[in-house]
2 protein chains.
Amino acid sequence: MLPRTYEQEICSVAATLEVLGDRWTLLIARDACLGVTRFADFQARLGIARTVLSDRLTRLTEAGIFERRRYSEQPERFEYVLTERGRDIWPILNSLMTWGDRHLKGGQAPYVIHHRRCGGHIDDRRRCETCGQEVDVTDVVRLPGPGGRPAELGPDAESRQITESEQIG
Amino acid sequence: MLPRTYEQEICSVAATLEVLGDRWTLLIARDACLGVTRFADFQARLGIARTVLSDRLTRLTEAGIFERRRYSEQPERFEYVLTERGRDIWPILNSLMTWGDRHLKGGQAPYVIHHRRCGGHIDDRRRCETCGQEVDVTDVVRLPGPGGRPAELGPDAESRQITESEQIG
């Protein structure tokens, strides 16, 4: 628990970290931005303990980041859909990704973000380098990048990339 | 500790969170962006335990985010200066701040970021709204915003803001 000093209390960086400043939370938000909505899918992708996942989904729903929607009556099942407040987390994730690509992956991005409409590459200011549009998470897809799995590169990497593109938002 | 699944291992968001994904680390980086370099100053601003601060500064120096420089010989004293890799954390901090301003402070930002050269407001894509320049942390200052302390507002808030502006970078 961080001390509630005056600076901590008023600063929006500190306030945001109180809500989102936990690695699991940000990885859950990342997968939600990639279209994951169901408990079992988050669990399988993240390899996270069920109790921890359940706790984080409950907290994020209470914080207005997810809306919990029933998608099955028998058995009763719920999915977790990002709200506008939740989709607005994407710029944070994008800045974390950009930093990692540059400083931990030597500029060889494992994934790249492209504009859904025109295919252009999205820069680190969330703008399409091809058409200039300023995008949000619903406008983009994630593709394997040059630092991705070797099997994804090679002569027909491009067609495979299109097939493997993942919805974001 | 996060499990090292394949997705976690290659994703730059997860990789960055391994290095920076700790609230103290990001608050130390925030204060470093505001010009803080000395142990005692970080300690006083953050109210953090000395052992925790010492651990984080050592780890961040090993990760190439701070350069440790001696500024006094007797007694021997060191300061922690952001490297380029460290200054590049600012977009992450800026996106955390923007989210908090919008979703936790009801749009009443406690602090606002302005362009050092022309005074223009910096938007959430790190661009000056007045002159259009795309800025980095060395180009900006932080000023009290509309959601700041009531004493900072009022008829002569503007002149007080200039006095209270803080170097960033």
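Me: What does the secondary structure of chain A come to?
Reply: Chain A has 8 helices and 5 strands. Here helices (H or I, at least four residues) and strands (E, at least two) are DSSP runs, numbered from the N terminus. Along the sequence, the pattern of chain A reads α-α-α-α-α-β-β-α-α-β-β-α-β.

Me: Before we go on, what is the model based on, and how are things numbered?
Reply: This is a predicted model, in which local features need pLDDT of at least 70, side-chain atom pairs count only at pLDDT 80 or more, and totals for chains, interfaces and linings use all residues. Residues are numbered from 1 along each chain as its sequence is written, while chains are lettered from A and ligands numbered from 1 in the order in which they are written.

Me: What share of chain A counts as buried?
Reply: Of its 169 residues, 35% count as buried. A residue is buried if 20 or more other C-beta atoms lie within 10 Å of its own, exposed if 12 or fewer, and partly exposed in between, with C-beta atoms placed from the backbone.

Me: Which domains does the assignment give for chain A?
Reply: The assignment gives domain 1 (6-86) and domain 2 (90-167); such bounds come from an automatic or database domain assignment.

Me: How many residues are in contact between those two domains?
Reply: In chain A, 6 residues of domain 1 are in contact with 6 residues of domain 2. Contact means that the C-beta atoms of two residues, placed from the backbone, lie within 7 Å. The side of domain 1 that touches domain 2 divides into 4 nonpolar, 1 polar and 1 charged. In this scheme Ala, Val, Leu, Ile, Met, Phe, Trp, Tyr, Cys and Pro count as nonpolar, Asp, Glu, Lys and Arg as charged, and the others, Gly among them, as polar.

Me: Where is Trp90(A), and is it buried or exposed?
Reply: Trp90(A) is in helix 7 of chain A. It counts as buried because it has 26 C-beta neighbours inside 10 Å. Leaving aside residues up to four places away in sequence, Trp90(A) touches Cys33(A), Asp136(A) and Val137(A). The C-alpha atoms of Trp90(A) and Ala29(A) are separated by 8.0 Å, although the two residues are 61 residues apart along the chain.

Me: Changing topic: how many residues does each chain give to the contact between A and B?
Reply: Chain A gives 46 residues and chain B gives 46 residues. On the side of chain A that touches chain B, the elements with two or more residues are helix 1 (6-10), helix 2 (12-20), helix 3 (23-33) and helix 7 (90-103). Helix 7 of chain A gives the most, with 12 residues. That side of chain A divides into 22 nonpolar, 10 polar and 14 charged residues.

Me: Why can one say that the copies meet through the same surface?
Reply: Because 100% of the interface residues of chain A are also interface residues in chain B.

Me: Which residues of helix 5 of chain B are buried?
Reply: They are Arg56(B), Leu57(B) and Leu60(B). These residues lie on the same side of helix 5 of chain B, because they cover an arc of only 100° around the axis; the arc is that of the directions from the helix axis to the C-beta atoms. The face turned away from the buried side carries the exposed residues Arg50(B), Thr51(B), Asp55(B) and Glu62(B).

Me: What covers the buried residues of that helix?
Reply: The cover includes helix 3 (23-33), strand 1 (66-72) and strand 2 (77-82) of chain B.

Me: Which peptide bond is cis in chain A?
Reply: A cis peptide bond joins Gln74(A) and Pro75(A), with omega about 0°. Pro75(A) is in the loop between strand 1 (66-72) and strand 2 (77-82) of chain A.
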